[in-house]
Amino acid sequence: MYTLIIGNKNYSSWSLRPWIALRATGIPFTEQKLGFFTEEFSRRVSAVSPAGLVPVLLDGDFAVWDSLAICEYLAESHPEAGLWPQDPKARARARSLAAQMHSGFGAMRQALPMNVEAQLPGIALPEAAQQDISRLQAIWHDTRAEFGQGGPFLFGRFSIADAFFAPVVSRFTTYGIAAAGPVRDYMDAVLALPAMQEWTRDALAEATFVPEDEPYRKHR
């Protein structure tokens, strides 16, 4: 059975991606959560990943790190889970979107750090973050229109693309980002996933120490 090493569920958007991909598709795994800002985190993660970051997937004694690499490994190991769409064009688009989310939207990430427990509507956003938000909502709207037949997710059925946007849905919820129509429907579908609800419950149950100089602290 796989072991997935993750960080705090309240903050770790990178950990949420492979975690929800595993849980939503029923692939068996055990979770090992390490608290950020602890000596245990650095010691344990550095022992299995040269990147020194979460998430890390352990398949026996073989380690895969980086959220996109983990999801690709799972998709190849479990084709029955349908983590990528079957149609070649839809699959290519889903991979493009996951890669775009993996490496982009830095202004939004910085302005809206993931913080599941908080409710912080109405904070001032820089223009670059507002542009990222508009681009993300356009992606969801257009992808649903082109590929979303057959289900409530971007490509109908849940896929890795949805796993990569799940942390954004969480961020938009925390900060009260306005959404309507197909965009709101998509966010509601992600939030209604039993796996997403489980992650949220666990995040709300955490008690986390946050140092004074950490950027997370300003949004608590």
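Biologist: Which strands does helix α3 (residues 67-77) lie across, and at about what angle does it run to β4?

Modeller: Helix α3 lies across β1, β3 and β4, and runs at about 125° to β4. Lying across rests on contact, meaning heavy atoms within 4.5 Å. Angles run from 0 to 180 degrees between N-to-C directions, with axes as lines fitted to C-alpha atoms, for helices over the stretch in contact. Helices (H or I, at least four residues) and strands (E, at least two) are DSSP runs, numbered from the N terminus. This is a predicted model, where local features need pLDDT of at least 70, side-chain atom pairs count only at pLDDT 80 or more, and totals for chains, interfaces and linings use all residues. Residues are numbered from 1 along each chain as its sequence is written, and side-chain values use heavy atoms, with hydrogens and water left out.

Biologist: Thanks! In what order do the strands of the sheet stand?

Modeller: Two strands pair if DSSP finds at least two bridges between them. Here four strands make an open sheet, ordered β2-β1-β3-β4, with mixed pairing. β2 (29-33) and β4 (62-65) are at the edges with a single partner strand each, so one side of each has no neighbour in the sheet. From one strand to the next, the twist averages 20°.

Biologist: How many bridges join β1 to β2?

Modeller: Five bridges join β1 (residues 2-6) to β2, and the two run parallel. Within this pair, Ile 6 stands opposite Lys 33 of β2.

Biologist: Which strands does helix α2 lie across?

Modeller: Helix α2 (residues 39-48) lies across β1, β2, β3 (56-59) and β4, at about 55° to β3. Look also at the loops on either side of α2. In the loop between β2 and α2 you will find Phe 37, whose phi is near 65°, a positive value in a residue other than glycine. In the loop between α2 and β3 sits Pro 55, and the peptide bond from Val 54 to Pro 55 is cis, with omega near 5°.

Biologist: What do the angles say about how α1 and α7 are placed?

Modeller: Angles under 35 degrees count as roughly parallel, over 145 as roughly antiparallel, 65 to 115 as roughly perpendicular and the rest as oblique. Helix α1 (residues 13-25) and helix α7 (residues 160-174) pack at about 125°, with axes 8 Å apart, and are therefore oblique to each other. Among the residues making this contact are Leu 16 and Ile 20 of α1 and Phe 164 and Pro 167 of α7.

Biologist: And how do α7 and α8 cross?

Modeller: The axes of α7 and helix α8 (residues 181-192) come within 10 Å and cross at roughly 105°, so these helices are roughly perpendicular to each other. Their contact includes Phe 165 and Val 169 of α7 with Tyr 186 and Met 187 of α8.

Biologist: Which residues of α1 meet α9?

Modeller: Ser 15, Leu 16, Trp 19, Ile 20, Arg 23 and Ala 24 of α1 meet Ala 195, Met 196, Glu 198 and Trp 199 of α9. α1 and helix α9 (residues 194-205) pack at about 130°, with their axes 9 Å apart, and are therefore oblique to each other.

Biologist: Finally, how is the chain divided into domains?

Modeller: Domain bounds come from an automatic or database domain assignment. In this case there is domain 1 (2-81) and domain 2 (88-200). Their centres, taken over C-alpha atoms, are 21 Å apart, and 23 residues from domain 1 and 23 residues from domain 2 take part in the contact.
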